Amino acid sequence: MITKGLQWPEKVIMCFLPNLNGVYKSSDNGKNWVYSSTGLNSVISKFVSDIHADESGVYIVTPVGVYKSNDNGGNWRESNNGMNFTGNKEFERIFRLNGNLFVYENDNGNDRIYESTDNGDNWTKAVG
């Protein structure tokens, strides 16, 4: 079962398949698929909450933070500098607004929004 998907850029499709432990990508409109989870462990790649892609990279949000790929999903790295990881929280959404990235976090009803002005390299608490 595909939990999240994205088509970006031309003919690149990414899918998150929790039953197959990871992220898969196709560069030929879905005819062929390759495992694309380098840098993600199997637990993280099973729980992708959201995905965003633009000219600065591809971003996935997991319950434990943000991961970024600069090569269309070939390799992933953590992108959580400045985020506070205490309590029982879940990172749920990522979006871009006015040039900046934002991540929504739910911490047992104490909602927060983190903002990045440098394409996900560093984050500061914007709201919450």
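Which side chain meets Arg-77 in a salt bridge? That of Asp-121 does, at 2.7 Å, N to O. A salt bridge here is a side-chain nitrogen of Lys or Arg within 4 Å of a carboxyl oxygen of Asp or Glu. The model is predicted: local features need pLDDT of at least 70, side-chain atom pairs count only at pLDDT 80 or more, and totals for chains, interfaces and linings use all residues. Residues are numbered from 1 along each chain as its sequence is written, and side-chain values use heavy atoms, leaving out hydrogens and water.

**Salt bridges**
- The whole structure holds three salt bridges.
- Asp-121 lies in the loop between strand S11 (110–116) and strand S12 (124–127), and Arg-77 in strand S8, so the pair ties together parts 44 residues apart in sequence.
- Asp-54 pairs with Arg-96, with the closest N and O atoms 2.4 Å apart.
- That pair links strand S5 to strand S9 (residues 89–97), 42 residues apart.
- Arg-112 bridges to Glu-105 at 3.3 Å between the closest N and O atoms.

**Accessibility**
- Buried means under 20% relative accessible area, exposed over 50%, partly exposed in between (1.4 Å probe, protein chains only).
- Glu-105 is buried at 0%, and Arg-112 is buried at 16%.
- Asp-54 is buried at 7%, while Arg-96 is partly exposed at 23%.

**Sheet**
- Four strands form an open antiparallel sheet in the order S5-S6-S7-S8.
- Strands are DSSP runs (E, at least two residues), numbered from the N terminus, and two strands pair if DSSP finds at least two bridges between them.
- Strands S5 (50–54) and S8 (77–78) are the edges.
- Lys-68 stands opposite Arg-77 in S8.
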